[in-house]
Amino acid sequence: MNGKITVDATKASYYHAPKVGSTRDRLQKWVLQLSYRQYYSMLSRYARLTVNSSDNLLEIGCGPGYLLSFLEKWFPKIAITGFEYDQRLIEEAKERVQRTSFIQGNAEQLPFSDCQFNIIVNLHLIEHLYSPEKMLQEVHRVLKPNGCFIIATPNLGGLGARVMGEKWSGFREDHVSLKSADDWSKLIASCQFYPLLENTTFLSGIPFFTKFPLGIINYGSLLIFGSFSWKLGEAYIAVWQKKQ
């Protein structure tokens, strides 16, 4: 997760990331960089980004800026914008990046021009919105034709939710829009997107699979593969393309 929590379009509770440069911060950045490698692969394959690309990329719900710092390193010539509801998180994110631009605002009302971005990334934010379809419609509006939209969100249809029931970690007060992978797919498609990749992660929502020795398999699979072509994993991760 990115660390931000937006309960709805008008409220936010503050997540304080480790102090920039601290041991905890360096450790968290190392772990996240490993787990975020799958997004590097998605951007390279589906958005065709390279070290020489000059595309415009927007991260909605950028939190304390870890992914933004990786994007700057991976793709040094792209124009990057971080969008976040909580100004305090924006101030933290600014300490972790060099050239990213930031805008504070509401994910359901994006303050950008039509067809402004080639790529939009939205990791574990949409489940915090009471009207996720509004954000998806806005994403479609500000994406260029054939632009890529990368999304990650908890999977209500996964084994974790089925096995753990009310004790599933995905059930939180601020997770007001939980859906299965199939339901997310139908909703996003209804907003005029075409799927390029639809996966889910492994079994982190079931404590049995996170403890030694199975935890090695679980987290090792996440680090190596990121996500898989099945519908029963903990989180839905997908790449969609805007229809012309």
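**View 1. Glutamine 192 sits in the loop between α7 (181–190) and β6 (193–200).** Helices (H or I, at least four residues) and strands (E, at least two) are DSSP runs, numbered from the N terminus. This is a predicted model, in which local features need pLDDT of at least 70, side-chain atom pairs count only at pLDDT 80 or more, and totals for chains, interfaces and linings use all residues. Residues are numbered from 1 along each chain as its sequence is written, and side-chain values use heavy atoms, with hydrogens and water left out. Although glutamine 192 is not a glycine, its phi is positive, at about 70°. Glutamine 192 is partly exposed, with a relative accessible area of 41% (buried means under 20%, exposed over 50%, partly exposed in between; 1.4 Å probe, protein chains only).

**View 2. Histidine 124 belongs to the loop between β4 and α5.** With 13% relative accessibility, histidine 124 counts as buried.

View 3. Seven of the seven residues of β4 are buried, so the strand is largely enclosed by the rest of the structure.

**View 4. β4, helix α5 (residues 132–142) and β5 form a right-handed β-α-β unit.** To check the hand yourself, point the strands away from you: a crossover is right-handed if the path from the first strand over the helix to the second runs clockwise.

**View 5. The largest nonpolar core has 33 residues.** Such a core is a set of buried Ala, Val, Leu, Ile, Met, Phe, Trp, Tyr and Cys residues joined through side-chain atoms within 4.5 Å. Leu43, Leu57 and Leu71 have the most contacts inside this core. Among the elements giving two or more residues to the core are α2 (37–45), α3 (66–74) and β4 (117–123); α3 supplies the largest share, six residues.

**View 6. Leucine 43 has contacts that include Leu57, Leu71 and Ile119.** Contact means heavy atoms within 4.5 Å. Leaving aside neighbours within four places in sequence, leucine 43 also touches Arg48, Leu49, Phe75 and Ile150.

**View 7. A second, separate core has 27 residues.** Phe83, Ala107, Leu129 and Leu143 are among its members.
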